[in-house]
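Please keep the structure in view while reading.

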Amino acid sequence: MWRSRICQHVGRRRFSTIDASEVRKFSEKSAEWWDPDGEFGMLQLMNPARVHYVRNQLNKTGPKPFENLNMLDIGCGGGLLSESLARLGGRVLGADASPDNIKMAQYHKRQDPQLWRGPGQLEYKHTTAEDLLAAKESFDVVLAMEIIEHVNNPLQFLQTCADLVRPGGSLFLSTMSRTFASYFFTVALAEDILGLVHQGTHDWTKYINSQELTSAIESMGQDWSVQDVRGIFWDPACRKWRIAEKGIVGPGGLESLEVNYLLAAKKKEQ
């Protein structure tokens, strides 16, 4: 069902997966990216767990684990993840379809000399995954974190991200499952009851279950394999995000209880 719903434009040579309404929505909130009390406060708190996951899946250690890796943070927003990757030695391109998000990311980058002196490199660009692919760009690591649920055609977006990965490289995604549990926590609770984010921030119908995303990657051919998928959940007692054990997405392994999750995939060496 999910594949049939999102395949309608795949045959077109050039199709933009950008959802203009989503770009406008996040452009209007661009000033809040680095405000701990703003719209993206929970995403800021999620960042250490996301970086930890990427580091572990790449099996990288040391003070500069991402040194010499060309990394794309597609849908980078205000640069929360991009900055962290660069601080750990990565050569990072943060790309976003919103010019306002890129302006905020560039402004914040200028506040920290470490980001323009090294150890890593950080560049921001107002562009799309499709345009990067058309320009024949490629990367060791592509990260599409909390973005696939905001695009027009998730399967085409996924394929474009995969095509941007060099042989032997890795693709990371994080998103939310389309379950009643995710609706309660991300829409009813976060938007309607607690007001942590503006109403309309999330479109629950565009969420993608972990098995659906896994199947979509496996359908891209023998060059691709899913290395890991697991849930990430908020621990209110410690006020931090925690990553579940390997293979566990929803509590107790129940698909019906899935909410947020992370996925790592690998492209075969040629």
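In this predicted model, helix α5 spans residues 99–109, and its buried residues are N101, I102, M104, A105 and K109. These residues cover an arc of only 160° around the axis, which puts them on the same side of α5. An α-helix has 3.6 residues a turn, so residues three or four places apart point the same way. The buried residues of α5 pack against helices α2 (20–28), α4 and α6 (114–117), and also against strands β2 and β3 (121–126).

**The sheet**

The sheet is open and built from eight strands, in the order β3-β2-β1-β4-β5-β8-β6-β7, with mixed pairing. At the edges stand β3 and β7 (240–243), each with a single partner strand, so one side of each is left without a neighbour in the sheet. From one strand to the next, the twist averages 20°.

Helix α8 (residues 154–163) touches β1, β4, β5 (165–176), β6 (224–235) and β8 (260–267), and its direction makes about 145° with that of β5. Helix α10 (residues 210–218) touches β5, β6 and β8, and its direction makes about 10° with that of β8.

**Strand β1**

Is strand β1 buried or exposed? Five of the five residues of β1 (residues 70–74) are buried, so the strand is largely enclosed by the rest of the structure. N70, L72 and I74 point one way from β1, while M71 and D73 point the other way; all are buried.

Which strands pair with β1? With strand β2 (residues 91–96), β1 pairs in the parallel sense over five bridges. With strand β4 (residues 139–145), β1 is joined by three bridges, and these two strands also run parallel. M71 has a bridge partner in β2, namely V92, and stands opposite V141 in β4. D73 stands opposite L143 in β4. Together with helix α4 (residues 80–87), β1 and β2 make a right-handed β-α-β unit.

**Salt bridges**

Side chains of opposite charge can pair when their charged atoms come close. The structure holds 12 salt bridges.

| Residue | Partner | N to O distance |
|---|---|---|
| K206 | D19 | 3.1 Å |
| K29 | E39 | 3.3 Å |
| R87 | D112 | 2.3 Å |

K206 and D19 form a salt bridge. K206 lies in the loop between α9 (180–193) and α10, and D19 in the loop between α1 (2–6) and α2, so the pair ties together parts that are 187 residues apart in sequence. The relative accessibility of K206 is 18%, so K206 counts as buried. D19 also counts as buried, at 14% relative accessibility. The cut-off for buried is under 20% relative accessible area.

The salt bridge between K29 and E39 joins their side chains. Both K29 and E39 lie in the loop between α2 and α3 (41–57), so the pair ties together parts that are 10 residues apart in sequence. K29 is buried, with a relative accessible area of 7%, and E39 counts as buried at 9% relative accessibility.

The side chains of D112 and R87 also meet in a salt bridge. D112 lies in the loop between α5 and α6 and R87 in helix α4, so the pair ties together parts that are 25 residues apart in sequence. R87 is partly exposed, with a relative accessible area of 26%. Salt bridges that share partners join E83, R87 and D112 into one network.

**Tyrosine 183**

Where does Y183 lie? Y183 is part of helix α9. At 37% relative accessibility, Y183 counts as partly exposed. Leaving aside residues up to four places away in sequence, Y183 touches A188 and W204. Y183 and H202 are 19 residues apart along the chain, and their C-alpha atoms are separated by 9.2 Å.

Definitions and conventions: Residues numbered from 1 in each chain as written. Predicted model: local features only at pLDDT ≥ 70, side-chain atom pairs only at ≥ 80, totals over all residues. Heavy atoms only, no water. Buried < 20%, exposed > 50% of the residue type's maximum accessible area, 1.4 Å probe, protein only. Helix = DSSP H or I, 4+ residues; strand = E, 2+ residues; numbered from the N terminus. Pairing = 2+ DSSP bridges. Right-handed = clockwise from strand over helix to strand, strands pointing away. Arc of directions from axis to C-beta. Contact = heavy atoms within 4.5 Å. Axes fitted to C-alpha atoms, helices over the stretch in contact; angles between N-to-C directions. Salt bridge = Lys/Arg side-chain N within 4 Å of Asp/Glu carboxyl O.
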